[in-house]
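Here is a short report for someone meeting this structure for the first time.

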Amino acid sequence: MKIVADSAIPFLQGVLEPWAKVRYIAGSEIGPTDVRDADAIVIRTRTRCDERLLGSSRLKLVATATIGFDHIDTAWCASRGIRVTTAAGCNARGVLQWVAAALEYLARTQGWQPSEKTLGIVGVGHVGSLVKEYAEMWGFRVVCCDPPREAREHLGFRPLDEVIRQADLLTFHVPLDASTRHMAGSRLLALTKPGTVILNSSRGEVVDTQALLASGRPCVLDVWEHEPRIDEVLLDRSLLATPHIAGYSEQGKATATALAVEAIARTFSLPIGGWYPPQAAPAAPRPISWPELCSSIHTAFNIEAESRRLKSSPHDFETLRDHYNYRREYF
């Protein structure tokens with residue numbers, strides 16, 4: 001059996017080798033000849049899985065160690081009988097930590113308390129639900145929009161335009177598809193208050209770069225259109241900027257790799273179901289107050305330092321991302 005894996009996926013080397021020949025390649029460099037005789041591929045967002053890559057392969061499984069799957073042509077894979085699995089939810093607390101660090105920075109530098117602000121959350125899935133829970137605990141007024149969930153569950157989420165008009169801080173946690181591509185475009189941004197801060201840690205293409213620049217709205221960004229070739233004007237204008245590492249916690253990465261290994265174990269009947277990286281500490285979720293967050297987040301995650309690194313070396317985006325020192329989740 002042969003497996004091709006993105007060489008930047010942590011904790012994976014040595015796990016599958018007793019049962020398979022594993023070839024590790026940089027995700028952006030995986031090509032058709034590499035996967036032609038592979039049975040499975042373990043990837044991240046940098047590998048586009050479609051007919052061009054997989055058309056001549058015998059592949060049975062695409063396991064992505066990411067929550068999203070917009071880099072995979074799922075319809076084509078289904079038509080060829082190729083199973084696709086994701087790591088949905090794995091990085092939710094890591095992204096929560098990124099949002100928390102951004103909110104603490106904004107509160108400290110702009111001089112406000114959570115009770116004075118309305119936080120708008122667009123997308124209330126794994127990540128958005130956690131952001132809602134903790135933001136309400138910290139004292140924010142929270143308004144949420146998630147049309148698909150509202151249609152299914154009738155939870156009282158608000159229409160998008162209503163959330164946009166009310167929010168002082170607007171954070172996006174949506175998957176990338178036809179309905180969300182450039183969701184934050186000129187029409188939406190025109191509805192926001194002039195000082196509304198746009199936070200995006202979902203996918204870069206959810207926000208229209210040129211529309212955001214034209215709007216003059218302040219922003220905090222982890223994801224960017226055309227990564228890793230990001231717009232340097234937008235980078236300079238961002239209050240905080242990070243290289244697509246919002247979900248890069250040790251526990252999130254460990255869980256993502258474990259889910260990919262589980263998918264391989266199930267698909268090929270390997271005796272490694274339930275494996276988890278022994279070197280990674282387990283998550284320990286707990287409530288945390290706003291004062292405790294403010295006093296502790298800098299030690300756990302210095303978002304300002306990460307922003308300075310990217311702003312000083314935008315052409316090192318991919319290197320900063322691939323060699324990021326995974327932080328630990330502590331709430």
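Helices (H or I, at least four residues) and strands (E, at least two) are DSSP runs, numbered from the N terminus. This is a predicted model, in which local features need pLDDT of at least 70 and side-chain atom pairs count only at pLDDT 80 or more, while totals for chains, interfaces and linings use all residues. Residues are numbered from 1 along each chain as its sequence is written, and side-chain values use heavy atoms, with hydrogens and water left out.

Start with Ala92. Ala92 sits in helix H4. Buried means under 20% relative accessible area, exposed means over 50%, and partly exposed lies in between (1.4 Å probe, protein chains only). With a relative accessible area of 7%, Ala92 is buried. Contact means heavy atoms within 4.5 Å. Leaving out residues up to four places away in sequence, Ala92 touches His126, Val127 and Leu130.

Two packed helices are described by the angle between their axes and the distance between the axes. Axes here are lines fitted to C-alpha atoms, for helices over the stretch in contact, and angles run from 0 to 180 degrees between N-to-C directions. Angles under 35 degrees count as roughly parallel, over 145 as roughly antiparallel, 65 to 115 as roughly perpendicular and the rest as oblique.

How do H4 and H5 cross, and at what angle? The axes of H4 (residues 92-110) and H5 (residues 126-138) cross at roughly 40 degrees and come within 9 Å. That makes H4 oblique to H5. Their crossing is right-handed, meaning that the near helix is turned clockwise from the far one by less than a right angle. On the H4 side, Ala92, Arg93, Val95, Leu96, Val99, Ala100 and Leu103 take part. They meet His126, Val127, Leu130, Val131, Tyr134 and Trp138 in H5. The residues of this contact divide into eleven nonpolar, one polar and one charged. Ala, Val, Leu, Ile, Met, Phe, Trp, Tyr, Cys and Pro count as nonpolar, Asp, Glu, Lys and Arg as charged, and the others, Gly among them, as polar.

H4 also packs on helix H12 (residues 290-300), at an angle of about 110 degrees and with the axes 10 Å apart. That makes H4 roughly perpendicular to H12. From H4, the residues in contact include Gln97, Ala100, Glu104 and Arg108. Their partners in H12 include Trp290, Leu293, Ile297 and His298. This contact divides into nine nonpolar, two polar and two charged residues.

**Helix H11**

H11 covers residues 250-268. The expected span of a helix is 1.5 Å times one less than its number of residues. For the 19 residues of H11 that gives 27 Å, and the end C-alpha atoms are 27 Å apart, which agrees. Of these 19 residues, 14 are buried, so H11 is largely enclosed by the rest of the structure.

**Backbone exceptions**

Most residues other than glycine have a negative phi, and most peptide bonds are trans. Ser269, which follows H11, has a positive phi near 55 degrees. His182 has a positive phi of about 55 degrees, and so does His244. His182 lies in the loop between strand S8 (169-172) and helix H8 (186-191). His244 lies in the loop between strand S11 (240-241) and H11. A cis peptide bond, with omega about 0 degrees, joins Glu227 and Pro228. Pro228 is in the loop between strand S10 (219-221) and helix H10 (232-237).

**Burial of selected residues**

| Residue | Relative accessibility | Class |
|---|---|---|
| Asp34 | 10% | buried |
| Arg36 | 43% | partly exposed |
| Asp39 | 7% | buried |
| His182 | 33% | partly exposed |
| His244 | 12% | buried |

**Around helix H1**

Asp34 is in helix H1. Arg36 lies in the loop between H1 and S3. The C-alpha atoms of Arg36 and Ser56 are 5.8 Å apart, though the two are 20 residues apart along the chain. Asp39 is in the loop between H1 (32-35) and strand S3 (40-43). Beyond four places in sequence, Asp39 touches residues including Met1, Arg58 and Phe268.
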